[in-house]
Amino acid sequence: MRVTTDLWVSALLRRVFAAGGFAAVVRRGASEAGAVFVLSRNRLGEIALFGPAPQTTYDSARPDERHFSELYSGDDDAAVEARLDKEKRFDPDIWVVEIEAGQTPPEELLAITTP
């Protein structure tokens with residue numbers, strides 16, 4: 001059984017706060033199964049946007065774990081907003097969580113895969 005998105009996002013926020021960072025839910029989607037997009041900012045202003053990884057990257061031994069892939073990396077807020085607007089038009093039930101994890105890299109907070 002898969003954990004609800006609402007519970008998963010709450011756990012992510014706790015992990016970020018426990019690591020000494022900051023996090024906020026920018027957009028709340030469907031509580032049961034909304035797709036999650038994570039916007040990570042570092043202290044230098046660089047942005048990384050992570051979204052749901054393709055289904056082909058999931059491990060059959062651990063099908064319930066959420067996997068993410070990097071969708072954008074840079075410092076252009078407008079590019080990130082444009083990508084999120086496109087995702088919202090496709091699926092209005094998405095979640096957007098913004099984190100500033102401090103010294104902890106996003107790879108330690110999320111299961112990031114490369115397609």
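In the predicted model, the side chain of R15 lies over the face of W8, at 5.8 Å from the ring centre, where a charge is taken to sit over a ring if NZ of Lys or CZ of Arg is within 6 Å of the ring centre and within 35 degrees of the ring normal. Residues are numbered from 1 along each chain as its sequence is written. Local features need pLDDT of at least 70 and side-chain atom pairs count only at pLDDT 80 or more, while totals for chains, interfaces and linings use all residues, and side-chain values use heavy atoms, with hydrogens and water left out.

Helix α1 (residues 5–18) comprises 14 residues and reaches 20 Å from its first C-alpha to its last, close to the 20 Å expected at 1.5 Å a residue, the expected span being 1.5 Å times one less than the number of residues. Helices (H or I, at least four residues) and strands (E, at least two) are DSSP runs, numbered from the N terminus. Within α1, T5, W8, V9, L12, L13 and V16 are buried, that is, under 20% relative accessible area, against over 50% for exposed residues and values in between for partly exposed ones (1.4 Å probe, protein chains only). After α1 comes G20, whose phi is positive, near 90°.

The strands form an open sheet of 6 strands in the order β1-β5-β2-β3-β4-β6, with mixed pairing; two strands pair if DSSP finds at least two bridges between them. The edge strands are β1 and β6 (111–112), each of which pairs on one side only. Pairing between β1 and β5 is antiparallel over 5 bridges, and the bridge partner of F22 in β5 is E100. By contrast, β2 and β5 pair in the parallel sense, over 5 bridges, and V38 stands opposite V97 in β5.
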